[in-house]
Amino acid sequence: MAIISRGFAGRSREHNPELPPGQYLTEDFPVLSAGPTPELDTAEWTFTVQTENGPTTWNWDELHGLGVEDVHTDIHCVTRWSKLGTSWRGVPLDAIFDKVETERDFVMQYSYGGYTTNVPLEDLLDGKAWVVSEFEGEPLDPEHGGPARLLVPHLYFWKSAKWIRGLIMQDSDEPGFWEQNGYNMYGDPWQEQRYW
Amino acid sequence: MVGAWHVGTVVATNTETPTGRSIVFDVPGWTGNLAGQHVDVRLSAPDGYQATRSYSIASADSTERVQLAVDKLPDGEVSPYLVDDLQVGDQVEFRGPLGGWFVWKPEQIQPVQLIGGGSGVVPLIAMVRAHAASGSTVPFKLLYSVREPDDAFFADELRALEGPLLEVTWVYTRKTPHGWPTPAGRVTQEILARATFAAAENPAVFVCGPTGFVETVATHLVALGHDPVTVKTERFGGK
C-alpha cells in the first residue's frame, strides 16, 4: 500500500496507451553517457560482426550499401523519459545478418569509447533493430551516438548503443556495461525491467 | 538488488539557492549508499496517481538518514513539489540506491578531480563528504561552476571542508562575488589546465552537470590528455 505524499497533485491523469508504465513524455532529447563523447570520422569508421567463424567488417559506404530504410518509432529511457513518434534512418540488422552465418543466440554490442550492452539475437531481427545514422532528417549528433548508433526501440534505450563499432556473437547472455552496474539484463519497458 | 520501496519522512529542509533546497529524510530500512549513487523518488497523490524521478544522493554514509538536494525545473512535475511544497513530516517513497559506475569508494588510491555545474555538484558533495569521513589521504580537487554566488549548493560546508586534502576552485559564469579577481565566464580549457589535476597525475575524474557543460568540460579534458576511460560523466537535460 503506497503512502500519500501530502499536497502532491501531479499532472495529467490522461492515460496515454503508448506510454509504458512509470514513464513520462518529453519533447526534449536528454543526453545520457557514461564518459566523454568520442570524435569519429566516417572515413575511418567500420562496423564488425564477430562470430564463431570469424569477423565480417563493413566500412561506412559498404554498410549503407546494404540498404537504408526510414524508421518511425517511440523510444523509452530507463531514467523515465519517453519520446513518441521519432524518425530515424538506418540499415536494418536483418540486412546485416543476411551476410553472416552464426549458431550463437546472444549478442554483445560494443562501441567506440568502450561501452557495451547485451541483447538476445532474436531481439535484433525481424524488423526490430537498425544501425541508424540520421535523426529527424539530420545526421545523428555525436552526443546522441553519431555518426551511428544501434536502435533497438522495443527495449530501454541503454540497449541501443551509441557510437556502435560492432557486435560479438556469444553462446550465453553476458552482462554489458550498465548490466554490470545495476541494470536489468533484458530491459523491457512494458514490464518495467529497469534494475536487478 | 534494488529491492522494495522504502518510506522516507522529511526531518529537515534547507534553502540552498533561489531555486533549490536540500532535504533530509529518515528512511527506515535504508542500508546506506556509495558516494555518487542516486535513488528513485516516488510521489503518490490521494487518487493513486504516481510520479517517479531519479535524484542524486548528497549523503554517503551507512545511516537511515538520506539527504537529497534538488533544483526546481520550471516545467517539472516532481521537483517543484520537492522544492516548494514538501514540509517536515511529509512522506515520499524511495527505491535504491541505484548506479554502480559514477561512484567513489574510500579504497580508491588515485587523486580525485571533481567538476560540477550547478546542481550537478550533488553527487560530488557526497564524494567530498565520504572522503572527509573516511580518513582517506588521497587529494581531492573540486571545480564548481555556478551562475552566481547565490546559486551554489552547500557553499558553507565546502568552505569549511577546504584544506590540504580538498582544494575548491569556484567559477562564476554570470556574476562574481564583489572584488573577485577575474570577470564572470564559463569554464575554459585554460581554467581546467590551471585548476585541475593534470592527466600525468592519473586522477579519477567525475564530471556532473547540464549536458552542454559536461560535453564542453569532457571534450577539454580529453584534449588535455586525459584518457577518456578515466573521465566519468553524468549529464542532465537535453541537447
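**Entry 1**

The model is a predicted one, in which local features need pLDDT of at least 70, side-chain atom pairs count only at pLDDT 80 or more, and totals for chains, interfaces and linings use all residues. Residues are numbered from 1 along each chain as its sequence is written, while chains are lettered from A and ligands numbered from 1 in the order in which they are written.

I noted how elements are named: helices (H or I, at least four residues) and strands (E, at least two) are DSSP runs, numbered from the N terminus. Helix α2 of chain B covers residues 122-134, and its end C-alpha atoms are 18 Å apart, which agrees with the 18 Å that 13 residues should span at 1.5 Å a residue. The expected span is 1.5 Å times one less than the number of residues.

I then listed the buried residues of α2(B), among them B:Val122, B:Leu124, B:Ile125, B:Met127 and B:His131. A residue is buried if 20 or more other C-beta atoms, placed from the backbone, lie within 10 Å of its own; with 12 or fewer it is exposed, and in between partly exposed.

**Entry 2: helix α5(B)**

I checked α5 of chain B next, residues 211-223. This helix also has a count of 13 residues and reaches 18 Å from first C-alpha to last, close to the expected 18 Å. Its buried residues include B:Phe213, B:Val214, B:Val217 and B:Leu221.

What covers the buried residues of α5(B)? The cover includes β7 (112-117), β8 (140-146), α4 (189-195), β10 (204-210) and β11 (231-236) of chain B. I counted two residues as in contact if their C-beta atoms, placed from the backbone, lie within 7 Å. After α5(B) comes B:Gly225, with a positive phi near 105°.

**Entry 3: chain B as a whole**

I find 5 helices and 11 strands in chain B. Its radius of gyration is 18 Å, close to the 18 Å of the globule rule for 239 residues, so chain B is as compact as a globular protein of that length. The radius is taken over C-alpha atoms, and the rule is 2.2 Å times the number of residues to the power 0.38. The C-alpha trace spans about 55 × 40 × 35 Å along its principal axes. Of the 239 residues, 44% count as buried. For contacts between residues at least 6 apart in sequence, 73% join residues at least 24 apart.

In chain B I traced an open, antiparallel sheet of 6 strands, ordered β4-β3-β6-β1-β2-β5. Its edges are β4 (50-56) and β5 (65-71), each pairing on one side only. Two strands pair if DSSP finds at least two bridges between them. Strand β3 (residues 38-44) is joined to β4(B) by 7 bridges, and B:Arg42 has B:Thr52 as its bridge partner in β4(B).

In chain A I found an open sheet of 5 strands with mixed pairing, in the order β3-β2-β11-β6-β7. The edge strands here are β3 (54-59) and β7 (116-120). Strand β6 (residues 106-111) and β7(A) pair in the antiparallel sense over 5 bridges; A:Tyr110 stands opposite A:Thr116.

**Entry 4: where the chains meet**

How many residues does each chain bring to the contact? Chain A gives 34 residues and chain B gives 39 residues.
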